[in-house]
Amino acid sequence: MEKLYKILEGVRADVDFRNGTANLIDDGVLDSFDIIAIIGEINEAFGVEISVEELLPENFNTPVAMMELIQKLQE
């Protein structure tokens, strides 16, 4: 989880990903450029490939949802 937080904070240092309660996509905290950057970093750091089918708001609304997606892809 710490590796994911470092990625998120690297893309958007102005957002408190650790304690924030906002839905990152639904509330407009992250835009499409942020998501593209995050996906690239996740793919590289975790050795996964996030496909177009997985580009759903619910997979990126929270750090926990992103981590669940990463774990699913690593199986």
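Five salt bridges are found in this predicted model, a salt bridge being a side-chain nitrogen of Lys or Arg within 4 Å of a carboxyl oxygen of Asp or Glu. The model being predicted, local features need pLDDT of at least 70 and side-chain atom pairs count only at pLDDT 80 or more, while totals for chains, interfaces and linings use all residues. For your selections, residues are numbered from 1 along each chain as its sequence is written, and side-chain values use heavy atoms, with hydrogens and water left out.

Select Glu2 and Lys6 to begin, and you will find a salt bridge whose closest N and O atoms are 3.5 Å apart. Both belong to helix α1 (residues 2-11), where a spacing of four residues separates them by about one helical turn; helices are DSSP runs of H or I with at least four residues, numbered from the N terminus. Glu2 is partly exposed at a relative accessible area of 40%, whereas Lys6, at 53%, is exposed (buried means under 20% relative accessible area, exposed over 50%, and partly exposed in between, with a 1.4 Å probe and protein chains only).

Next, select Arg18 together with Glu9, which form a salt bridge with 2.8 Å between the closest N and O atoms. Arg18 is partly exposed at 36%, and Glu9 is partly exposed at 27%. Now show Glu2, Lys6, Glu9 and Arg18 together, because a network of salt bridges, as defined above, links these four residues.

Finally, turn to Arg12 and Asp14, whose side chains meet in a salt bridge at 2.9 Å from N to O. Arg12 counts as buried, with 18% relative accessibility, while Asp14 counts as exposed, with 59%.

Technical notes
Helices (H or I, at least four residues) and strands (E, at least two) are DSSP runs, numbered from the N terminus.
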